[in-house]
Structures are given as C-alpha cells and as structure tokens.
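Subject: Structure handover

Hello,

Here is the structure for your files. My notes on what was found in it follow below.

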Amino acid sequence: LQQVKNAQIYAVASRDIERAHAFAQQFDIPNCYGSYEEMANDAEIEIIYIGTPHPQHYENVMLFLDAGRPVICEKPLTLHYADTVGLYALAEKLGKQLVVCQTSRFQRAYFAARDYIADGVLGNIYYAEIDRIRRRGVPSWGTFHRKAASGGGALADIGIHALDAMLWMLGSPQVSAVSGFTSDRIIHSE
C-alpha cells in the first residue's frame, strides 16, 4: 500500500470500527476511525482517498471538501451529472483539488495513442469507438458490476474507464453524440 515516495497512509476509516482496526493493523496504518466525520476533523490529514461504494461517493466527497481536504475519489464520482457538476463547483470555490481515479489513462498503449493523435499522425479524427470486456472477477467477486450496488451496472463499472480513456486520448473534445450498449451474452471460445 505505501509505495508512493514522500507519502504516508496516515489513517483509515470505516463505519465498522473493527474492520478499520483490522485493516490498519494489517497494513501498519497508525490511525483509524469509526466514522468519516471523525476522520474529516483530523487536521493532520493532508489529502483523502475515497474508495467507498459508488452510491456513497457524493456524500463523502462533499464531507471532505467541506472539511478543507483535497480529494481523490474512485470512479464514478457521483451517480448523477448535476451532483458531479456541483462537487467540481464546490472544489473550485474552496480552492481544493478534486480528482477522479481513472486508472486506464495510465496504460502505456493509451499514452502512445494519445501521442499519435496529438502529433497528427492519425489525421483529423472525427469518429472514435472503444470496447471493453470484463473477463476477470465476474460474477464471483464484489458487487461493483451489479447495477443496484454500482448505480450504473457495466457502464459505471468498466465502461466509464473506456469512455474516459478515449476522451482523454482525443484531448477532451466537445462531444456531439454518444451511443453505447451492454450485453449479458456469454461468449465461449475453444
């Protein structure tokens, strides 16, 4: 867990204090809290990482921004566009960083594609398409891929990574139209 130079995981919070204690002990984290509100009041904390279930992101990001902390939040930031706009407006008003953890951006192939696009190697791009298939962990691990738990099913789980990566590679263009689909069809290969 603690692989970032010049950084230390200072605290962990869970509404289940026993889980917080066990996690803190397992990873040698010096502080743990049984509520996010208690953690938000700790002045020693410099930045917050939120990895709670999707439906809890909005309230937790709001809590920590209001407490004056920069926030890194797992995707999706919120389940509703208006809430996302509101959180970014609040972060700007408070002068605090708000970053959504979009890990797909950091794949080498995506960096190469972004460079090709930025350098004009691929010409003027007027159409883009991206696919993503989850083959690991479903349906036996976690609940993030279930619509009731994720707030958006496959799109909120993995589709958002593909969409974000594509827009990032293209330089965040103004989008004129979007379409998408999901499938529960199982494809077997031999």
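The second largest pocket of this predicted model holds about 1,500 Å³ of space. A pocket here is an open set of points on a 1 Å grid over the protein atoms alone, where a 1.4 Å probe fits, with protein on both sides within 12 Å along at least five of seven lines; lining residues have an atom within 4 Å of a point. Points are joined across faces, edges and corners, and the volume is the space filled by probe spheres set on them.

The lining of this pocket has 34 residues, and Ile9, Ala11, Tyr49, Ile50 and Gly51 lie nearest the centre. Two or more lining residues come from each of strand E1 (11–13), helix H1 (17–26), helix H2 (36–40), strand E3 (48–50), helix H3 (57–66) and strand E4 (71–74). Helices (H or I, at least four residues) and strands (E, at least two) are DSSP runs numbered from the N terminus. By class, the lining has 20 nonpolar, 9 polar and 5 charged residues (nonpolar: Ala, Val, Leu, Ile, Met, Phe, Trp, Tyr, Cys and Pro; charged: Asp, Glu, Lys and Arg; polar: the others, Gly among them).

On numbering and limits: residues are numbered from 1 along each chain as its sequence is written. Local features need pLDDT of at least 70, side-chain atom pairs count only at pLDDT 80 or more, totals for chains, interfaces and linings use all residues, and side-chain values use heavy atoms, with hydrogens and water left out.

One joins Glu59 and Arg15 at 3.1 Å, N to O; Glu59 is in helix H3 and Arg15 in the loop between E1 and H1, 44 residues apart. Asp164 and Arg105 form a salt bridge with their closest N and O atoms 2.8 Å apart. Asp164 is in helix H7 (residues 153–169) and Arg105 in the loop between strand E5 (98–101) and helix H5 (108–118), so the pair ties together parts 59 residues apart in sequence. Asp164 is buried at 15% relative accessibility, while Arg105 is partly exposed at 27% (buried: under 20% relative accessible area; exposed: over 50%; partly exposed: in between; 1.4 Å probe, protein chains only).

Regards

Technical notes. Salt bridge = Lys/Arg side-chain N within 4 Å of Asp/Glu carboxyl O.
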